[in-house]
Amino acid sequence: MTAMSPEAPTSGKPILHKEMHRRKGMLKEYYTHRYLLLMLVPGILYYIVFKYLPMYGIILAFKDFRIMEGVFASPWIGFKHFSDILDSPDFWFVFRNTLVLSFYKLIFSFPAPIILALLLNEVRAAFFKKFIQTITYLPHFLSWIILSGILMNVLSPSTGIVNVILTSLGFDPIFFFGDADWFRTLLVSSSIWKEVGWGTIIYLAALAAVDPQQYEAAVLDGANKFQQTIHVTLPAILPMIIIMFIFAIGGIVNDDFDQIFNMYNPAVYSVSDVLSTFVYRMGLENMMYSFSTAAGLFKNIIAFALVIGTNYIVRKYSEYGLW
C-alpha cells in the first residue's frame, strides 16, 4: 500500500487532461459557429428586457402601493391582497367564467388543428393544399381589433349577411354580440377561425416525419384510410399532441384578453368577464395596482401548478412529457 501511495495523486491526470481537451474542443466549436450564436442575441435581449426585468413589479402584490412613494418605498403588507382576492365574490365570478370559456376552447379549439392537419395530409393536389393552408393561416396575422370589426359587420342584426339570410328564411335576427346565450359560442368559434391554420403548422411538421413504409405495411395488412389514421398517423404524432395538450392545460387560466376586450360589452359581462379583464379593470380603471398585481400573480401560480401537475401525470402514465 505504501508503495502505491505516491502514484495516487497522478491517477487523475488522464481524466483531467481529457476534460480540458473536451472543453477546448467546445470553445473551438463555439468560435467556429460564432455568427450563428450571435443570432441568439436579439431573442435573449427580448426576454431579458420584456420578460425578466419587469418581474420586479411582482413585489407590488405584497405592498400597499402609493404612487408618490414609489414601488420600493411603499409599505409592505404581506399577503393581505391575496386574502382580499379569496374573499372577493367578484374574483370567483370571473374565475368561474375563465374556467368555463377555457374548457370550451380546450374541447373544441384544441382538436381543430389536429383534424385540419390530418385532412390536409391526405390532400394530394399541391396547389389546392397550399391554397387551403394560406386561407386558414391568414387570420392569425390579423389583430383582434380587425377581426372583431369584421365579425361585427358580418353578424350585425340589421345589415350583417348572416342575419339577412336568417330573416329571409323567416327567422328572427340574432344579436350575437349582445346575447349572453350566443356570446361564448361566438368567442370559441372565432378563436378557432383565427388560430386553427397556424396550429396545423406544428402537426403538419410532425406528420412529415412519419415513415411512409408504415403506411405501406398498413395497406398490405388491409387497412383503409381511417384505420391508417388511427393506427399509424395518430400514434406517430402523439408526442406532439401531448406536449401541446400540456401547454393548453397551463393556458386554462390565461384567457385571450385581446379577443375578449375587443368583443365584449356590458350586455354580456355575465358570461364574458374573465380574469384578464378583471385585472385590467382593477389595475388601470380603478387604479388598484397592488390588488390587480396580486390577482395576476395568483392566476400565474395556478397556471404554473397546472403545467407541473399535467406533466407529472402524463409522465407517470406514458413516456412523453415536457421534461
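Setting aside neighbours within four places in sequence, serine 292 touches Val279, Met282 and Gly283, where contact means heavy atoms within 4.5 Å. This is a predicted model, so local features need pLDDT of at least 70 and side-chain atom pairs count only at pLDDT 80 or more, while totals for chains, interfaces and linings use all residues. Residues are numbered from 1 along each chain as its sequence is written, and side-chain values use heavy atoms, with hydrogens and water left out. Serine 292 lies in helix 17; helices here are DSSP runs of H or I with at least four residues, numbered from the N terminus. At 8% relative accessibility, serine 292 counts as buried (buried is under 20% relative accessible area, exposed over 50%, partly exposed in between, with a 1.4 Å probe and protein chains only).

Next comes helix 16. Its buried residues are Leu275, Ser276, Thr277, Phe278, Arg281, Met282 and Gly283, and they pack against helix 6, helix 14 (257–263), helix 15 (269–272) and helix 17. Helix 16 is followed by methionine 287, which sits in the loop between helix 16 and helix 17. Methionine 287 is not a glycine, yet has a positive phi of about 55 degrees. With a relative accessible area of 54%, methionine 287 is exposed.

On to the nonpolar cores, each a set of buried Ala, Val, Leu, Ile, Met, Phe, Trp, Tyr and Cys residues joined through side-chain atoms within 4.5 Å. The largest has 34 residues, and Phe91 and Phe278 have the most contacts inside it. Two or more residues each come from helix 5 (80–87), helix 6 (89–108), helix 7 (111–121), helix 11 (180–208), helix 13 (225–250), helix 16 (275–285) and helix 17 (289–317). A second, separate core of 17 residues includes Phe176, Leu186, Val268 and Val271. Phenylalanine 91 is buried at 0% relative accessibility; leaving out neighbours within four places in sequence, phenylalanine 91 is in contact with Ile85, Leu275, Phe278, Ala295 and Phe298.

Then there are the rings. The structure holds 22 aromatic pairs, counted when rings of Phe, Tyr and Trp (its six-membered ring) have centres within 6.5 Å; planes under 30 degrees apart are stacked, over 60 edge-to-face and the rest tilted. Tyrosine 56 and phenylalanine 72 make a stacked pair, 6.1 Å centre to centre with 15 degrees between the planes. This pair links distant parts of the chain, 16 residues apart, with tyrosine 56 in the loop between helix 3 (41–52) and helix 4 (70–73) and phenylalanine 72 in helix 4. Tyrosine 56 is partly exposed at 47%, and phenylalanine 72 is exposed at 64%. Phenylalanine 91 and tryptophan 92 have ring centres 5.3 Å apart and planes at 80 degrees, so that pair is edge-to-face. Phe91, Trp92, Phe95, Phe278, Phe291 and Phe298 form one aromatic cluster.

As for helix packing, helix 11 and helix 13 pack at an angle of about 140 degrees, with their axes 9 Å apart (axes are lines fitted to C-alpha atoms over the stretch in contact, and angles run from 0 to 180 degrees between N-to-C directions). In helix 11, Ile202, Tyr203, Ala206 and Leu207 meet Thr233, Ile237, Met240, Ile241 and Met244 of helix 13.
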